[in-house]
Amino acid sequence: MKINTTTLLAAIIFMVATSCKQQQEKKTAVEHAPAATESHSDMLALLQKMSLKEKIGQMTQLNIDVVSKGEIYNLVEPHQLDEEKLKKALVEYGVGSILNVGGHAYSLAHWQEIIAQIQHTATNDTRLGIPVLYGIDAIHGANYVLEGTLFPQQLAQAATFNPQLVKRAAEITAYETKACGIPWNFSPVLDLGRQPLWSRFFETYGEDVLLAKTMGEAVISGYQGDNAADAEHLAACMKHFFGYSLPFTGKDRTPVYLHERQLREYFLPTFQKAIETGALSIMINSGELNGIPVHADKAILTDLLRDELHFEGVAVTDWEDIMKLNNIHKVAPTLKDAVAMAVNAGIDMSMVPNDYQFSDLLLELVQEGRVSEKRIDESVLRILIMKKKLGLFENPIPFKTYNYNKVGSAEFAEASYQTACEAITLLKNENNNLPLNANAKLLVVGNGAKSLTKLNGAWSRTWQGTDPTYDDHTKQTVFEALQNNFAQVVYVDANAGFNASQLKGVEQVLVCLAERPSTEKPGDIDNLHLENSTTDWLKKAAAYKLPITLVLLENRPRIITELEPHCASIIMAYQPGNEGGRAVADIISGKVNPSGRLPFTYPRHTNSLLTYDHKYTEELDTAFGMNAFNPLYHFGHGLSYAAFSYTNLAISKDTMSGNESVEISIQVENTSDLDGKETVLLFVSDRFASITPSVKRLRGFQKQMIKAKTTATYTFTLSAADLQFVDANNQWIAEEGWFDVQIGDLGTSFYYKP
Ligand code: BGC
């Protein structure tokens, strides 16, 4: 039967009317149902065939450990699915989604075996044959596939200021993940990195809204392509919605207090842009925001996400977060209350993930009328539509029909290398200390020099990324890559101590300091100082008056203020991935001209953690030398071996009205003999505003290659949207007045009249 839209709506209304003992709710199912278009009539028909238990099964997501041999978090090696447990999940409970990896990465072949087995059981042994939606965190490449390409972490990717590279990395990640048969990636993180203490700082695109928004759009288009169902693409999952990343204490999953105005101006735009870009799913913030755990907050999960932002995709909880409403957040006296709270607030799928309590309790809740079947139907329809959009019904096992022969290929490694090269940021280079001559004798020290895990960071083969068992020894550490670039490279173990004779003939000391890879709660720290014995070593080595290059492999900006004066050069390498050792060495040797820029403000002091877009009150007291905004390195800072000179800043008009726009251009001359990439950052300051204005906001950026001794023109267009902020009524507004534009040291101004 051909079902038209009216029939569809009627069908939904019928389902609403017939559902048992519903709770009084303001909204109707029709309002919240995913676009009830003809194209989804098949999913609606499927929904109508489902029993309540089957529907709840679709909303249930289990950890792979639950269906594997052995105990949860302690599986039998080599990992294998347990046929009986799998049947219990898929056949008895109708579970719709499985996630994660059992403790450590699997080979591509092993993944394919597992996914084939899961989909075979789901499609053949269950009553309705609905395929499973498998989800994974492939957050900097296919990090849970042994052969998978490891890219620089998100923070480093942001430092490239090059969305094309970010998109390419996402395409490769999608390809290698889909090769396993996994169609859903819990990435990107769209939280802003504005709290340097936070353990997940490296998972963000840094502190700025425009940069994060732009990179978010690039990564989602890379993951999903034009059609997420095709062999090389998958569904993105933007996370963690929202206001997760600015815990007051800096510790993960501790309270966040943000005014709605700040939330809307800083923390919402990345998600809004991602929704416009078509992101198919969203993961909810595990923490509490202004006293309410977000998983229980209907104002955020339904009123904002569905009614205001019109998001139609799937909202999945974060790990155990319904349970946490009861046992951690203490807003739900029982687990059952927690389930009712979260489902009624608007979640579609529960990342339970280790037992069946969510399924059992939700069934009871619907039977008791505490959760309406209408609410269940909305969620299940969204999940079914997502499965359909991913092509799972026609092709649940993509590698059966498609040859993924590029997994772990040299081509993909090259893309990772390019990204690392453009990410790595030269922070300091006194008297052109770098690049170094190939004949120079180098002494290398530091805990990051001989480690691949420290190049890659967390979410690399294991969750915390600290286990070297899974290192790919065809990749080069910083030390190995230096050996390939320089004739004489000596490594000294700082822990063993050193003596002056080791420094004989040495022309440069390279200190490679790494933070222990970590994320989430295990990454919580008590202060930003680097805990590393090598820091003392660096000071001792400095006494010998040898030039020192400091290479930083960091999860977040750790304080290096005391070390900085001893260093001729400082390279921020972030966590540059498996090709990062090569990239660092190639920058040191000059094969690569660095072009990365800091996507955050590098603090000078542990308790002065301001962002570049702070308020005037935060920098006014310079006269007394106290508390002024005085970072070690500014947002956007990054040196090149080339020299660029900015001239001819031009603006198309000095008054802009209503919906008009202004064009701003600048010429950048590469005055050096070296080709180089230069990112131009355009900042705008609102001179006076009804809400205290930030001293400046990034409103445009562009990166171009400028050949030696040539000049390039950069052109930007600003419209009223680029002048807006969120006012006292929580509305976006551009107010009349003067706006100052700043590019490098040059400036111009224009007057805006709404
Ligand atoms: C993290 C998420 C992640 C999920 C699944 C959670 O602990 O907060 O970012 O996607 O686990 O692994």
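Q: How do you know where Asn730 sits in the fold?
A: Asn730 is placed in the loop between S25 and S26, where strands (E, at least two residues) and helices (H or I, at least four) are DSSP runs numbered from the N terminus. This is a predicted model, in which local features need pLDDT of at least 70, side-chain atom pairs count only at pLDDT 80 or more, and totals for chains, interfaces and linings use all residues. Residues are numbered from 1 along each chain as its sequence is written, and side-chain values use heavy atoms, with hydrogens and water left out.

Q: Why is Asn730 called buried?
A: Buried means under 20% relative accessible area, exposed means over 50%, and partly exposed is in between (1.4 Å probe, protein chains only). Asn730 has 18%, so Asn730 counts as buried.

Q: What makes the phi of Asn730 worth a look?
A: Its phi is near 65 degrees, a positive value in a residue other than glycine.

Q: Why does Gln731 count as partly exposed?
A: Gln731 comes to 48% relative accessibility, so the label is partly exposed. Gln731 also lies in the loop between strand S25 (725–726) and S26.

Q: What does Gln731 contact, leaving aside its neighbours within four places in sequence?
A: Gln731 is in contact with Phe725 and Val726, where contact means heavy atoms within 4.5 Å.

Q: Why is Tyr574 called buried?
A: Its relative accessible area is 1%, so Tyr574 is buried. Tyr574 is found in the loop between strand S18 (569–572) and helix H21 (580–589). Its phi is near 55 degrees, again positive in a residue other than glycine.

Q: Is Arg194 buried or exposed, and why?
A: Arg194 has a relative accessible area of 13%, so it is buried. You will find Arg194 in the loop between strand S6 (184–185) and helix H9 (209–224).

Q: What makes the pairing of Arg194 and Asp613 a polar contact?
A: A polar contact is a pair of N or O atoms within 3.5 Å; within protein, one must be able to donate a hydrogen and the other to accept it, and residues adjacent in sequence count only if both atoms are side-chain atoms. The side chains of Arg194 and Asp613 make such a contact at 3.0 Å. The side chains of Arg194 and Thr611 are joined by another, of 3.3 Å. Among the other residues that Arg194 touches are Phe201, Leu246 and Tyr266.

Q: Which residues of helix H11 are buried?
A: In H11 (residues 269–277), they are Pro269, Thr270, Phe271, Ala274 and Ile275. Their cover includes H9, helix H10 (260–267) and helix H12 (298–308). Just after H11, Gly278 takes a positive phi of about 105 degrees.
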